Amino acid sequence: MRMEGVGFDAAIDILRAYQSEITKEDFDRLVESFTKDAQHTELKQNNEAIKWADEHTDYWYTRGYTDLTIKKYKLGYDKLDNRATVPHFFNGVCVGYQKRSLDGSMPKWKTAPDFPKSNTLFNYDNVKNAQEVIVVEAACSAIWLSQNGYNAVATFGAKVTENQIRLLRGFKNVIIYFD
């Protein structure tokens, strides 16, 4: 659904096109199990992102972010981990999050399990109708650029996947600015 930008029924039709040696009943059971797992994961990640967004940390201010930016991106703080949190929304749903260490503990960044980084672009929902976009590696860089009036997305690293390229094809101009 996220990759093709379609609803549930249309996504099932797309998957059925690839159906080969599996019965319709087995296929339907498989889809049902995936759907339950995906809905549970999305709900859990959405709840965590909302919970963390209510927590406060001065870290985001030291990065130069305004209150408006902090609220817009639901930037937060996980006090159990002592990590700043960045939820990632795609097609209006929280699909994952990253948490940055604030006390020097390693790893510096932790990513949610099953986070589909290669299938999404950070901040895509906010800029998908723009003509031009700047592509950067990190979510925090995209947030900073957006706060300063630029349309920006992040790829979560220096690698750009085929699915991300497909999303970028919707823009008239794409500027890649990697470290």
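Biologist: Starting with the cysteines, is Cys140 buried or exposed?
Modeller: Cys140 counts as buried, because its relative accessibility is 6%; buried means under 20% relative accessible area, exposed over 50% and partly exposed in between, with a 1.4 Å probe and protein chains only. This is a predicted model, in which local features need pLDDT of at least 70 and side-chain atom pairs count only at pLDDT 80 or more, while totals for chains, interfaces and linings use all residues. Residues are numbered from 1 along each chain as its sequence is written, and side-chain values use heavy atoms, leaving out hydrogens and water.

Biologist: And Cys94, buried or exposed? How many disulfides are there in the whole structure?
Modeller: Cys94 is buried as well, with a relative accessible area of 0%. A search of the whole structure for disulfides, meaning pairs of cysteine sulfur atoms within 2.5 Å, finds zero.

Biologist: OK, charges next. How many salt bridges does the structure hold?
Modeller: There are three salt bridges, each being a side-chain nitrogen of Lys or Arg within 4 Å of a carboxyl oxygen of Asp or Glu. One of them joins Lys99 to Asp78, with the closest N and O atoms 2.8 Å apart. That pair links distant parts of the chain, since Lys99 lies in strand S3 (residues 93-101) and Asp78 in strand S1 (residues 76-78), 21 residues apart; helices (H or I, at least four residues) and strands (E, at least two) are DSSP runs, numbered from the N terminus.

Biologist: What else does Lys99 form a salt bridge with?
Modeller: Lys99 also forms a salt bridge with Asp81, where the closest N and O atoms are 2.7 Å apart. Asp81 sits in the loop between S1 and strand S2 (83-90), 18 residues from Lys99. Lys99 is buried, with a relative accessible area of 9%, whereas Asp81 counts as partly exposed because its relative accessibility is 28%.

Biologist: Where does Lys110 come into this?
Modeller: Lys110 forms a salt bridge with Asp81, the closest N and O atoms being 3.9 Å apart. Lys110 belongs to strand S4 (residues 109-111), and the two residues are 29 residues apart in the chain. Lys110 is partly exposed, with a relative accessible area of 32%. Because they share partners, the salt bridges join Asp78, Asp81, Lys99 and Lys110 into one network.

Biologist: Changing topic, which residues of the largest nonpolar core touch the most other members?
Modeller: They are Trp60, Leu75 and Phe122, out of 34 residues in that core; a nonpolar core is a set of buried Ala, Val, Leu, Ile, Met, Phe, Trp, Tyr and Cys residues joined through side-chain atoms within 4.5 Å. Several elements each supply at least two residues, among them helix H3 (59-62), helix H5 (124-127) and helix H7 (162-168). The largest share, five residues, comes from H6.

Biologist: What does H6 lie across?
Modeller: Helix H6 (residues 139-147) lies across S5 and S6 and runs at about 175 degrees to S6, where axes are lines fitted to C-alpha atoms, for helices over the stretch in contact, and angles run from 0 to 180 degrees between N-to-C directions.

Biologist: And the sheet there, in what order do the strands come?
Modeller: Three strands form an open sheet in the order S6-S5-S7, with parallel pairing; two strands pair if DSSP finds at least two bridges between them. Strand S6 (152-154) and strand S7 (173-176) stand at the edges with a single partner strand each, so one side of each has no neighbour in the sheet. The twist averages 25 degrees from one strand to the next. Four bridges join strand S5 (residues 132-136) to S7, and Val133 stands opposite Val174 in S7.

Key: Contact = heavy atoms within 4.5 Å.
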